[in-house]
Structures are given as structure tokens and as C-alpha cells.
Amino acid sequence: MNGNAKDIDAYWQYIRGICIICVILIHCKTGVGYENNLIGSWNFDYWLIFRQFINFPVAVFIFLAGYFTNIGKAEQSYITYISNRGERLLVSFLIWSAFYTLINIIVSNGDVNLLKTLAKLLLGLSSAPLYFIVVLLQLTVLTPVLIRSIQADRGTKFLFLVTPIYFLILYSYCVIYKTQMPFYQTFFPGWFIFYYFGLWIKIRGYEPIFRRNQLINSILCCLIGLVFSIIEAYWLISIGFPVGFACSQIKISSFFYAFTIINLLMVTKPHIDNKEITWLRLIGDNSFGIYYVHMFWIMISNKLLSSIVLLGDILPIYQIVQLVFTLLFSCISIFIIKKIIGEKVSRRLLGF
């Protein structure tokens, strides 16, 4: 997610900072429990609509992973690229997956199924965000092939259709079984289009969608995408789709919205003066580490905040308090870990 943070210009680190803040907000307390609550039902509507605003970070992270791919290294040696990149991702993934698996075992008082626990550990199911690393590992294996495809301009139309075809499967599954497809977010086709688009721009360059009034039109597209996403979320719920699917980042409208966000980021970059925003740069530089550790602090904050009765009645305030707590302690814990074991060891083993 981060690459060499110090070598990437401030703009993209600020974007990473914003994205990881949105990731934390997505994992903060949800509004699902308020859906049929006569007094606090507004919390559900607030949450569902707000989720559509922030349903872009993983797509942007995947796009940036493709956009910042080292093309030269990928071209030099398929095996070397896969082993080096894969090792960096796999080692930290296994350590953090084991960490969250252990926490789950402790929480369940040791009442666990060994095979299910092992499967969760290997598939990144011990903690919600770990699927992202599994997706990156799959895309890493495909990267050299995708680079050659883009350079030779072969199979482009088919490759851009991989994710839309996957969407047909996801929606069909929901229609038939009235539930989300297992591991739907873990398979690479769900995110493939963003990674391929990032690689495409890296190799072919960015072509503006609009020839005139680029900024205004790009903002309008974002607003259209957002409205579309809100409408689809409520429509899916009304026809019996699971709330988890309706609110998620992996649905047609959310992907359209994410693409409009990416387009806006590309359009605004040349016009942004990279003034130093220290706090946001700090968050962006540590976004990969925060991605790994934030769920631990989310769990801690849920324990602490659940005892404050009135706070639970106003979801936006609860989420703000939880966000600040999680972000603060995530950054502090990353700083302490780096100081204790050293940045080199921390980066190799823990990913930050």
C-alpha cells in the first residue's frame, strides 16, 4: 500500500491518509442495529448514506498499487518480482492474521474449530481488512502478464470486462440465495479493474475524460456517482438484498463512484500545491501499518465506548470518538513498535 513512502510525492500520501481514515470509519460502529429501532432509526439512514460517501478507499488503494508498480522490476524477472513482492506481503499478512486469530481464540475462551480457524488464518478472515492483502497477493502474481498485455495492447477489452462479469455473478448469487456470496471480496476479479486501470495509466498515461471544464465536470460526475450509490443502496434493500451488500464498496454504483473519485484525483493533482500538511502526511506514510493495526484498536474502543449509554444513541458522535481514538492509538503503537524492534525489522515482518 505504501511502497517507499518517502519517495512518493506528498499529494499521493495525503490521498492515502484520507483513504485510511475512510477505512477506519467503515469499520467503526455500524447502523445495522438501528434499522428497526423506532426511536433511533435515523442512525441507520445516516449510516447507510454516509457509507456511500466513503465507499472508495479500497478501490483507490488497489488503483494506487497498480499505478505505483515498478514496471522495470516486473519486466526484468517474473520469478524475482513475484518472490520479492510476494514475500513482503505474505510475511506481514501471516503474522497479522495469526495475531488476530489468537485474539479471536482468546475472546471465544478457546472454543474453536481447528480447521475453520486455520482456514480463516490463511484466507485473512480473522480480521475484516486482511482480505485486501490476499487480493494484492493474487494481483501481484498476475502483474508481469498484465504489463505485457498492456504494452502489446492485447486482450484489453476482455480484461476490462473481468470485473463486470464478476458483478453479474455476485448479483445473481444474491438474487438466488438472498445472501452475499462467500469470500466475495477476497477474489481478485472483484477489484481487478482498478488495479488494471492503475497499470494502464502508469504505462499508457492518463487521458482526461473531459476536454473542457475538467474540474467542474469531474466534481459533477462524483456527485452523480454518489447519488446513484445512495439510490442503489436503498433499492437493493427494498428488493430483499442483504444490508451488507447494499452498503458495501463492491456494488455497481460504488465502483462507478470510486472511478469518478480516481478521475477527480488525477484531474486535481496538477493544480494542487503540495504544501506540507504534517498530520495528514504522517497518516499517509503509515497507512499500511494503520491498515493492519486499526482493527485491534477498534475492538478496544468498542469495549470502552459501549459502557457510555448516551453515546450509543447518537451514531455520528460515537463514530467520531471511535475514529479519533483508533487513529491516535494506531499511530502511537506503530511508533512504539518501530522504536522497539527497529524500522528495518518492523517493515520486513509487520509491513510498516
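Thr-117 sits in helix 6, residues 114–123. Helices here are DSSP runs of H or I with at least four residues, strands are runs of E with at least two, and both are numbered from the N terminus. This is a predicted model, where local features need pLDDT of at least 70, side-chain atom pairs count only at pLDDT 80 or more, and totals for chains, interfaces and linings use all residues. Residues are numbered from 1 along each chain as its sequence is written, and side-chain values use heavy atoms, with hydrogens and water left out.

Back to Thr-117. Its relative accessibility is 16%, so Thr-117 counts as buried. Buried means under 20% relative accessible area, exposed means over 50%, and partly exposed is in between, with a 1.4 Å probe and protein chains only. Setting aside neighbours within four places in sequence, Thr-117 touches Thr-101, Ile-105 and Val-112. Contact means heavy atoms within 4.5 Å.

Now the whole chain. The protein chain has 17 helices and zero strands. How much of the chain is buried? Of the 352 residues, 49% are. For 352 residues, a compact globule would have a radius of gyration near 20 Å, and the chain agrees because its own value is 20 Å. That radius is taken over C-alpha atoms, and the globule rule is 2.2 Å times the number of residues to the power 0.38. Along the principal axes, the C-alpha atoms fill a box of roughly 60 × 50 × 45 Å. Take the contacts with a separation of 6 or more: residues 24 or more positions apart account for 82% of them.

Next, helix 3, residues 57–67. Eleven of its eleven residues are buried. They include Pro-57, Phe-61, Gly-66 and Tyr-67. What do the buried residues of helix 3 pack against? Five partners: helix 1 (10–27), helix 7 (131–152), helix 9 (192–204), helix 12 (252–268) and helix 14 (287–305).

In helix 12 we find Ile-262. Ile-262 counts as buried because its relative accessibility is 0%. Beyond its neighbours within four places in sequence, Ile-262 contacts Ala-59, Val-60, Phe-63, Phe-194 and Phe-197. Take Phe-194: it is 68 residues from Ile-262 in sequence, yet the C-alpha atoms are 9.3 Å apart.

Helix 14 holds His-294. His-294 is also at 0% relative accessibility, so it counts as buried. Its side chain reaches the backbone oxygen of Tyr-291 at 3.0 Å. Leaving out neighbours within four places in sequence, His-294 is in contact with Val-23, Ile-24, His-27, Tyr-100, Pro-129, Thr-326 and Ser-330.

Finally, the surface. The chain exposes about 17500 Å², and carbon and sulfur atoms supply 69% of it. Accessible areas come from the Shrake-Rupley method with a 1.4 Å probe; for residues, only the protein chains shown count as cover. Helix 16 (315–341) and helix 17 (343–350) are the elements giving two or more residues to the patch. Which gives the most? Helix 16, with six residues. Leu-328 lies in helix 16. With a relative accessible area of 46%, Leu-328 is partly exposed.

How values were computed
A polar contact is a pair of N or O atoms within 3.5 Å; within protein, one must be able to donate a hydrogen and the other to accept it, and residues adjacent in sequence count only if both atoms are side-chain atoms.
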